[in-house]
There are 2 protein chains.
Amino acid sequence: MKNFRYYNPVTIHFGKGVLNKLGRTVARFGKKVFFVYGMGSIKRTGLYDKVMEQLKEQGLEVVEHGGVKPNPILSHTREGVEKAKKEKVDVILAVGGGSVIDEAKAIAAGAKAECDVWDFFELKEVVKDALPIVTVLTITGTGSEMNAGLVITNEEKKAKFGFRAEPLFPKVSFLDPTLTFTVPADQTAYGAVDAFTHVSEVYCNAEDIDADVPRGIMETIMKSIVKWAPVAIKEPENYEARAELMWCSSLALSGITWCGAGDLTLPAHMIEHSLSALYDIAHGAGLAIVTPAWMRYMKEKRSEQLEYFARNVFGKNSIDEGIEAFENWLRSLNCPVRLSEANIPEEEIDKIAENAYMLSVTWGMSDFYTVNVIKEILKLCV
Amino acid sequence: MKNFRYYNPVTIHFGKGVLNKLGRTVARFGKKVFFVYGMGSIKRTGLYDKVMEQLKEQGLEVVEHGGVKPNPILSHTREGVEKAKKEKVDVILAVGGGSVIDEAKAIAAGAKAECDVWDFFELKEVVKDALPIVTVLTITGTGSEMNAGLVITNEEKKAKFGFRAEPLFPKVSFLDPTLTFTVPADQTAYGAVDAFTHVSEVYCNAEDIDADVPRGIMETIMKSIVKWAPVAIKEPENYEARAELMWCSSLALSGITWCGAGDLTLPAHMIEHSLSALYDIAHGAGLAIVTPAWMRYMKEKRSEQLEYFARNVFGKNSIDEGIEAFENWLRSLNCPVRLSEANIPEEEIDKIAENAYMLSVTWGMSDFYTVNVIKEILKLCV
């Protein structure tokens, strides 16, 4: 067991019908609500009206900030920061998936700061304070609803950066699996892959893979995702499938999984960020391409971890068979597993590696993850 | 998956050497520290001096409250409340096992209240505020370091009652497994049994035992305890064994295990409280007697859960074999598994059942757990 620090103060309300507590919950944090959402799907599903009704019932004043993109962008975030400052809002309500919650977190930090919000991402400034955040999750995967991290893309710099800061833990997150019934098959798959890799990256990089408790918790989550993702895709309104995926996603990056196994390290995520920054593909799709390649590259260096992974997650007796089973599962979810399958030109590997190296430096991984190593991993994605 | 609410804001510092952050951590909460400890073992091991040094280095003023008994008693708790009020302390530091932490929690609540502290236990009053609590754990088992619950014995009323209240979550808990190297074999065993049953009671009572994530997390913890408790008893300075037991104990009652499986219910604990209140035996010893009997009594009513328990925790194909394997494991730890083995007279079953029924009523379980049902379970302890 490795030493660790664990802290996660998010209150989770999980299950059918929990949204009836939303208005009262938001009202605990103030009178003026900054309501952040995405491209309008919550209007089509009726969730927007339901949320507004909850807020109005409590007599809350609402300032809207819709239009958050998948892979949320800095310019829209900056707009949000300015609006939140100008309107002097008390609390941020994010209704959406990880992108919406991430932009909401950036706004929560920016609204309480003097500096430009991007300074936090380049680790030039530290978040000392933030507006309180309440979330309603509608797409599972990133785990942002139960952690203090966020990722934003700087369109000018073509940089997709992330960081974490404890003031950015949501105060309360509402997790109603029925809200994900309308998530289409591809996004369901990408979310499942994102959550799975939040665990598998830590697992396969674990400094102490023999620590029974974190290993068992991580295996539990990975096996549940492997089992339930195909069900959710086939039967979008299967409550059990949606519920297991939702709770797995939240736990995956909550911090509880790696306690005792080592630190959080996300090398495949680091490389993937460049794919979605440069080619605007879904984060989960990029992960499906990079993660098996990363595993193949690390076969010798992480042999013990990968043997456990093969045996305990996929019931296979060798690392190669384990990675193959993983890749077959990804294919069964209709995820791309090669660069070409996502229309990313093989000739641009050098450019991708250069881009990824920026984040490797920022995340303090560049001792091992040099441009050359990243290139070698990307070559295994061909 | 059942609906749930989850919240646990405790900061955990886990591992060798984490105590070097103790002084600074306590100082965050004020200048005057109420230092609660037990019967003096921390003086023999040198931990007392180490703690005092940390506090003095920060220039903190210390008010001591030693002498907390195993199965902490109300009179000593009331003394603590008076002293803490009179001295106007800012923060409570509990150094010890579950008993010390539980009494510290009661004092933290009592010091901020007008009512008598026992009123909280009889659920006549609600804890609205409490002094901040920092803990240093020296004996694993109760999980009090990572939850908001506590148990105190009212010696006059011969009542061992417990309750939980969110202001009583410790702010920070220091978990250094090396501090448990000196815990004797019997207490190591009883702590392991306590932690195990915090999980097994929830597991075997689960409303939805088919929910994969909570079931997997609970199985992980139970299997780790089954594996590592005998090792810790045989090799008291085995770091891995102590570390796994410590983290398992903390997680067991932290709330994370039953999310999605159903609510926390502790019927064997409810009955056991009467054994330790009436005969002053160790809580873990009482649990080793009552829990297998409870399982036998519930064989039909909880057949699905007990089949999973037999198969997934002990690798057995029938409920009977599973309970037998559990009982054999308890025997291997030198725990009593019958009333006579703890010198509790069989003729007093009626008296014990009457006593347990008080708590059955207080905990809202008396619809099913009537005096007669409790008697039937106790008869299976003979």
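Copies are superposed here by least squares on the C-alpha atoms of residues with pLDDT of at least 70 in both. In this predicted model, chain A can be laid on chain B in that way with an RMSD of 0.0 Å, by a turn of 180 degrees and a shift of 0.0 Å along the axis. The two copies are thus related as by a two-fold rotation axis. Among the residues of chain A, the one that comes closest to this rotation axis is Pro9(A), whose C-alpha lies at 2.1 Å.

The contact between the chains comes next. Here 30 residues of chain A are in contact with 30 residues of chain B. On the side of chain A that touches chain B, β1 (4-6), β2 (11-14), α8 (212-234) and α9 (239-252) each supply at least two residues, and α8(A) gives the most, with 8 residues. Sorted by class, this side of chain A has 16 nonpolar, 8 polar and 6 charged residues. Since 100% of the interface residues of chain A are also interface residues in chain B, the copies meet through the same surface. Strand pairing also crosses from one chain to the other: β2(A) pairs with strand β1 (residues 4-6) of chain B in the antiparallel sense, over 3 bridges, and Ile12(A) stands opposite Tyr6(B) in β1(B).

Because 4 of its 5 residues are buried, β3(B) is largely enclosed by the rest of the structure. This strand is joined by 5 bridges to strand β4 (residues 61-65) of chain B, the two running parallel, with Phe35(B) opposite Glu64(B) in β4(B). A parallel pairing over 4 bridges also links β3(B) to strand β5 (residues 91-96) of chain B, where Val33(B) stands opposite Val91(B).

Strand β9 (residues 172-175) of chain B is covered on both faces, for Val172(B) and Phe174(B) on one side and Ser173(B) and Leu175(B) on the other are all buried. In a regular strand the side chains alternate between the two faces of the sheet. Strand β2 (residues 11-14) of chain B runs parallel to β9(B) and is joined to it by 4 bridges, and the bridge partner of Phe14(B) in β9(B) is Leu175(B). Strand β6 (residues 133-137) of chain B is likewise parallel to β9(B), through 3 bridges, with Thr135(B) standing opposite Ser173(B).

In soluble globular proteins, nonpolar side chains tend to be buried together. The largest nonpolar core in this model has 275 residues, of which Val36(A), Ile92(A), Leu93(A), Val36(B), Ile92(B) and Leu93(B) touch the most other members. If its neighbours within four places in sequence are left aside, Leu93(B) is in contact with Val26(B), Val33(B), Phe34(B), Phe35(B), Val36(B) and Val134(B).

Helix α5 (residues 98-110) of chain A has 13 residues and reaches 18 Å from its first C-alpha to its last, close to the 18 Å expected at 1.5 Å a residue; 13 of the 13 residues of α5(A) are buried. Helix α3 (residues 47-57) of chain A holds Met52(A), which is partly exposed, with 15 other C-beta atoms within 10 Å. Although Met52(A) and Gly23(A) are 29 residues apart in sequence, they are 8.8 Å apart in space, C-alpha to C-alpha.

Conventions:
Residues numbered from 1 in each chain as written. Chains lettered and ligands numbered in written order. Predicted model: local features only at pLDDT ≥ 70, side-chain atom pairs only at ≥ 80, totals over all residues. Core = buried A, V, L, I, M, F, W, Y, C linked by C-beta atoms within 7 Å. Buried ≥ 20, exposed ≤ 12 C-beta atoms within 10 Å, placed from the backbone. Contact = placed C-beta atoms within 7 Å. Expected span 1.5 Å × (residues − 1). Nonpolar A, V, L, I, M, F, W, Y, C, P; charged D, E, K, R; others polar. Pairing = 2+ DSSP bridges.
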